[in-house]
Amino acid sequence: MAADANHRRVQQQRVAELQARVAQIAEAQAQQDIQRLVERFQQDREQNGPPPATTTAQPAPQPQAAANEEKIRHLQELGFARQEAIQALIATGGNVEQAANLLF
């Protein structure tokens, strides 16, 4: 029994050592991966320059958006909630009459 306990202890110690080694290898691999990504990023910037600046300007409203708002407003005037109107219009492909029939 003492031999079994000693054997188990040795195995546990080996497992702990292997786990520590695996963790070291994983950390080294992660560092290498990060270094490769940084190098690729730097090469890309050298070849292509910095990425284009992004703007926060909102696009001008589209005529279709105005038409959709008119359809939503029409259904709201009939007494339906905005979200119900939107869902009905989506379900009917934007057809106001079918959306109203769906909601009634």
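How many helices and how many strands does the chain have? In this predicted model, the chain has four helices and zero strands, and its elements follow the pattern α-α-α-α along the sequence. Of the 104 residues, 11% count as buried.

**Overall composition**

- The accessible surface of the chain is about 9000 Å², and carbon and sulfur atoms account for 54% of that surface.
- Among contacts between residues at least 6 apart in sequence, 15% link residues that are at least 24 apart.

**The nonpolar core**

- The largest nonpolar core consists of nine residues: Ile72, Leu75, Phe80, Ala85, Ala88, Leu89, Val96, Ala99 and Ala100.
- At least two residues of this core come from each of α2 (63-77), α3 and α4.
- In soluble globular proteins, nonpolar side chains tend to be buried together.

- Helix α3 spans residues 82-91, and its buried residues are Ala85, Ala88 and Leu89.
- Viewed down the axis of α3, these buried residues fall within an arc of 100°, so they line one face of the helix.
- The face of α3 turned away from the buried side carries Ile90 and Ala91, which are exposed.
- Gly93 follows α3 and has a positive phi, near 70°.
- Thr92 is located in the loop between α3 and α4; with a relative accessibility of 17%, Thr92 counts as buried.
- Beyond its neighbours within four places in sequence, Thr92 is in contact with Gln98, Ala99 and Leu102.

**Helix α4**

- Helix α4 covers residues 96-103, and its buried residues are Val96, Ala99 and Ala100.
- These residues lie within an arc of 100° when α4 is seen down its axis, and they therefore line one face of the helix.
- An α-helix has 3.6 residues a turn, so residues three or four places apart point the same way.
- Glu97, Asn101 and Leu102 are exposed on the other side of α4.
- At the start of α4, a side-chain oxygen of Asn95 comes to within 3.0 Å of the backbone nitrogen of Glu97.

**Ala100 and its surroundings**

- Ala100 belongs to helix α4 and is buried, its relative accessible area being 10%.
- Apart from residues up to four places away in sequence, Ala100 touches Leu75, Leu78 and Phe80.
- Leu78 and Ala100 are separated by 22 residues in sequence, and their C-alpha atoms are 8.3 Å apart.

**The aromatic pair**

- The structure holds one aromatic pair, formed by Phe80 and Phe104 in an edge-to-face arrangement, with 5.1 Å from centre to centre and 75° between the planes.
- Phe80 lies in the loop between α2 and α3, whereas Phe104 lies in the segment after α4, so the pair ties together parts that are 24 residues apart in sequence.
- Phe80 is buried, with a relative accessible area of 13%, whereas Phe104 counts as exposed at 68% relative accessibility.
- Not counting residues up to four places away in sequence, Phe80 touches Leu75, Ala100, Leu103 and Phe104.

Notes:
Residues numbered from 1 in each chain as written. Predicted model: local features only at pLDDT ≥ 70, side-chain atom pairs only at ≥ 80, totals over all residues. Heavy atoms only, no water. Buried < 20%, exposed > 50% of the residue type's maximum accessible area, 1.4 Å probe, protein only. Arc of directions from axis to C-beta. Polar contact = N/O pair within 3.5 Å; in protein donor to acceptor, adjacent residues only side chain to side chain. Contact = heavy atoms within 4.5 Å. Core = buried A, V, L, I, M, F, W, Y, C linked by side-chain atoms within 4.5 Å. Areas by Shrake-Rupley, 256 points an atom, 1.4 Å probe, with all protein chains shown as cover. Phe/Tyr/Trp six-rings, centres within 6.5 Å; stacked < 30°, edge-to-face > 60°.
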